[in-house]
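Subject: Structure for you to look over

Hi,

Here is the structure I promised. Please open it alongside this message and follow along.

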Amino acid sequence: MTVLSTSPSLPSLSSLISGPALLPIIQADSAAQAVQIAKAMQQGGISAVEVVLRTAAALDGISAIRQQCPDLLVGAGTVLSKADADNCKNAGAQFLVSPASTPALLQAMIDTGLAMAPGVSTSSEVAMALEMGLTELKFFPAHLSGGTEMLKALSGIYQQVRFCPTGGIAQHNLADYLSLSNVFVVGGSWISPAALVKAGDWQQITDLAAAAVAVAQRCKPVAALQRRA
Ligand code: 3PG
């Protein structure tokens, strides 16, 4: 995967993702459930996951996945405050993702020293993130914010910026996003639907992951993709 520059002192998220250009979301009600989801995704070929801070178990889930899935890159999503950023770092998160950007939130995320992809949905927010040295950004909510056409419009102006679009992306439109040169990874919840998680249907999550990985390999090939048991 191409290594892109972010803030000079920070590792770039793109440089940490060694497998397919996918960053599926994990939303779990317990640390054990988070590990089950992570293992099912890994079985399907996923190499990086984002545990969202939308349940009380999220921080424990990050720590548990770090311990039990050492080959998986584990980040935190839905980071909304300095406390969130610091708590995620302490829990073992290897990168941070936020749904939005404010100067204070970006500074708090930068201060952790972790790789990061802060959320933007407008040209002005891209410009603000750029002013802080950030060139890898989450584009959220992607579909409602103009989708692939908006990303194409931004590509000519912000040539040094690469995006992780999320929001409204699933198997049916994954290739449309992954085919764009200013998209370095695609995120979303479609690989672990709440109903499958509730049912404990880990095999179906593995199958959804494998289907997404096949698209990612076709659109953005990764030489060293390894399927792990
Ligand atoms: C996110 O946190 O990035 C979004 O919840 C993902 O949106 P999706 O559920 O439409 O994939």
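Start with Thr 78, which sits in the loop between β3 (73–77) and α4. Keep in mind throughout that this is a predicted model. Thr 78 is not a glycine, yet its phi is positive, at about 60°.

The peptide bond that runs from Phe 140 to Pro 141 is cis, and its omega is near -15°. Pro 141 belongs to the loop between β7 (136–139) and α7 (147–157).

Why flag these two? Most residues other than glycine have a negative phi, and most peptide bonds are trans.

**The ligand site**

Phe 140 comes up again here. Phe 140 is among the residues surrounding the ligand, along with Ile 25, Arg 54 and Lys 138. Thr 166, Gly 167 and Gly 168 are also part of that shell. Gly 188 and Ser 189 complete the list. By type, the shell divides into 2 nonpolar, 5 polar and 2 charged residues.

Which residues place a polar side-chain atom 2.6 Å from an oxygen atom of the ligand? Lys 138 does. Ser 189 does too. Gly 168 uses its backbone instead: an N or O atom there lies 2.9 Å from a ligand oxygen.

How much of the ligand does the protein bury? Taken alone, the ligand exposes 310 Å², and the protein buries 80% of that.

**Helix packing**

Take α2 (residues 31–43) and α10 (residues 202–219) to begin with. These helices pack at an angle of about 45°, and their axes are 7 Å apart. That angle makes α2 oblique to α10. The crossing of α2 past α10 is right-handed.

Helix α2 also packs on α3. Here the angle is about 50°, with the axes 8 Å apart. So α2 is oblique to α3 as well. Again, α2 passes α3 in a right-handed crossing.

Now α3 (residues 58–68) with α4 (residues 82–91). Are they roughly parallel or oblique to each other? Their packing angle is about 30°, and their axes lie 8 Å apart. Angles under 35 degrees count as roughly parallel. Helices α3 and α4 are therefore roughly parallel to each other. Their crossing is right-handed.

**Where to look**

For a quick tour, begin at the ligand and find Lys 138 and Ser 189, each with a polar side-chain atom 2.6 Å from a ligand oxygen. Then go to the cis bond between Phe 140 and Pro 141. Finish at Thr 78, with its positive phi.

Best wishes

How values were computed: Residues are numbered from 1 along each chain as its sequence is written. This is a predicted model: local features need pLDDT of at least 70, side-chain atom pairs count only at pLDDT 80 or more; totals for chains, interfaces and linings use all residues. Side-chain values use heavy atoms; hydrogens and water are left out. A residue is near a molecule or strand if one of its heavy atoms lies within 4 Å of it. A polar contact is a pair of N or O atoms within 3.5 Å; within protein, one must be able to donate a hydrogen and the other to accept it, and residues adjacent in sequence count only if both atoms are side-chain atoms. Accessible areas come from the Shrake-Rupley method with a 1.4 Å probe; for residues, only the protein chains shown count as cover. Ala, Val, Leu, Ile, Met, Phe, Trp, Tyr, Cys and Pro count as nonpolar, Asp, Glu, Lys and Arg as charged, and the others, Gly among them, as polar. Axes are lines fitted to C-alpha atoms, for helices over the stretch in contact, and angles run from 0 to 180 degrees between N-to-C directions. Helices (H or I, at least four residues) and strands (E, at least two) are DSSP runs, numbered from the N terminus. Angles under 35 degrees count as roughly parallel, over 145 as roughly antiparallel, 65 to 115 as roughly perpendicular and the rest as oblique. A crossing is left-handed if the near helix is turned anticlockwise from the far one by less than a right angle, and right-handed if clockwise.
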